[in-house]
Amino acid sequence: MKIVVIGGTGLIGAKLVTDLKRRGHAVLAASPNTGVNTITREGLSAALDAAEVVVDVANAPVWEDQAVLDFFETSGRNLLAAEAAAGVRHHVALSIVGSERLPHNGYFRAKVAQENLIKASGIAYTIVRATQFFEFVDGIARSATIGNEIRLSPALIQPMASDDVVAALAEVALAPPVNGTVEVAGPEALPLDELVRRFLRGTGDPRTVVADIRARYFGGLLSDRSLTPGDDARIGTVGFDAWLARERARLAVS
């Protein structure tokens with residue numbers, strides 16, 4: 001069947017396009033780079049023509065609170081309207097575990113707004129909420145760095161590999177819509193400060209990590225439930241240490 005991946009040239013999207021093509025489906029990688037823009041609607045109707053499934057993994061190009069909200073609301077409305085006109089059978093969207101539990105985080109608020117648009121659209125859907133990607137750990141560390149010190153909450157996080165996110169999205173895209181939310185997470189829950197400490201050790205980074213229960217995570221205070229999934233989450237297979245070893249080997253070759 002024809003599947004359109006919105007954000008199909010990004011970290012998750014490019015891998016998902018490859019995975020679905022390998023399974024024998026006709027897949028269109030839709031992004032501004034390929035002439036499909038969900039903000040301006042350029043190329044959107046043509047891209048969705050005859051599509052049965054749309055998977056939205058697009059990421060906002062900006063981080064300022066209002067700009068992020070504007071992006072996801074405008075993109076969501078335009079995309080869902082185009083899907084309704086095209087007769088798309090299943091809308092799949094990638095979101096974030098715990099979005100509603102961190103209202104001080106503008107990006108999380110924007111993802112909740114996006115989810116609400118999907119639920120109200122009348123199109124059959126599945127929302128896939130993933131925990132933080134291993135690939136984002138470096139950015140988390142940089143966001144909390146002052147001088148040579150990184151202050152982070154010891155609250156639990158259960159991150160996952162982008163490959164496991166892609167596998168979950170592919171499985172959902174090829175299954176009937178659930179008209180609800182599916183959570184996916186990595187195989188190990190651990191304190192956020194310890195996660196970053198492992199990352200620094202593995203990359204030879206001399207910065208020091210300090211556990212601080214008052215440290216904010218992109219504006220929000222964390223508890224052990226903020227960034228961890230519920231009991232029914234689908235669990236990935238790639239652990240952090242294995243992923244880090246693979247990344248180090250890849251970087252050494254390149």
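# Strands, helices and cores

Me: Let's start with Val 55. What is its bridge partner in β4?
Reply: Strands (E, at least two residues) and helices (H or I, at least four) are DSSP runs, numbered from the N terminus. Two strands pair if DSSP finds at least two bridges between them. In β4, the bridge partner of Val 55 is Val 92.

Me: What kind of model am I looking at?
Reply: Residues are numbered from 1 along each chain as its sequence is written, and side-chain values use heavy atoms, with hydrogens and water left out. Local features need pLDDT of at least 70, side-chain atom pairs count only at pLDDT 80 or more, and totals for chains, interfaces and linings use all residues; this is a predicted model.

Me: Which strand pairs with β3 through Val 4 and Val 54?
Reply: Val 54 in β3 is the bridge partner of Val 4. The pairing has 4 bridges and is parallel, and the strand that joins β3 there is β1.

Me: And what stands opposite Val 54 in β4?
Reply: β3 also pairs with β4 in the parallel sense, again over 4 bridges. In β4, the residue opposite Val 54 is His 91.

Me: Are the residues on the two faces of β3 buried or exposed?
Reply: Buried means under 20% relative accessible area, exposed over 50%, and partly exposed in between (1.4 Å probe, protein chains only). Val 53 and Val 55 sit on one side of β3, with Val 54 and Asp 56 on the other. Both faces are covered, and these four are all buried.

Me: Which are the edge strands of the 7-stranded sheet?
Reply: This open sheet runs β2-β1-β3-β4-β5-β9-β14, with parallel pairing. An edge strand pairs on one side only, and here those are β2 and β14 (234-235).

Me: At what angle to β1 does α1 run?
Reply: Axes are lines fitted to C-alpha atoms, for helices over the stretch in contact, and angles run from 0 to 180 degrees between N-to-C directions. Contact means heavy atoms within 4.5 Å. Helix α1 lies across β1, β2, β3 and β4, and its angle to β1 is about 170°.

Me: How far apart are the end C-alpha atoms of α1?
Reply: Helix α1 covers residues 11-22, which is 12 residues. The expected span is 1.5 Å times one less than the number of residues, so α1 should span 16 Å; that agrees with its end C-alpha atoms, which are apart by 17 Å.

Me: Within what arc do the buried residues of α1 fall?
Reply: The buried ones are Ile 12, Gly 13, Leu 16, Val 17, Asp 19 and Leu 20. Their packing partners are β1 (2-6), β2 (26-30), β3 (53-56), β4 (90-96) and α6 (162-173). The arc is that of the directions from the helix axis to the C-beta atoms. Down the axis of α1, the buried residues line one face of the helix because they fall within an arc of 165°.

Me: Now the 3-stranded sheet: which helix packs on it?
Reply: This open sheet has the order β6-β7-β11 and mixed pairing, with β6 (145-146) and β11 (208-211) as its edge strands. The helix that packs on the sheet touches β7 and β11, makes about 170° with the direction of β11, and is α7 (residues 192-203).

Me: What is the bridge partner of Arg 151 in β11?
Reply: β7 (residues 149-152) pairs with β11 in the parallel sense over 4 bridges. In β11, the partner of Arg 151 is Val 210.

Me: How many residues are in the largest nonpolar core?
Reply: A nonpolar core is a set of buried Ala, Val, Leu, Ile, Met, Phe, Trp, Tyr and Cys residues joined through side-chain atoms within 4.5 Å. Ile 150, Leu 152, Leu 192, Val 196, Tyr 217 and Phe 240 touch the most other members. A second, separate core of 26 residues includes Val 128, Phe 133, Met 160 and Val 172. The number of residues in the largest core is 46.

Me: Is Glu 100 partly exposed or buried?
Reply: Glu 100 is in the loop between β4 and α4. Leaving aside neighbours within four places in sequence, Glu 100 is in contact with Val 112 and Arg 129. At 42% relative accessibility, Glu 100 counts as partly exposed.
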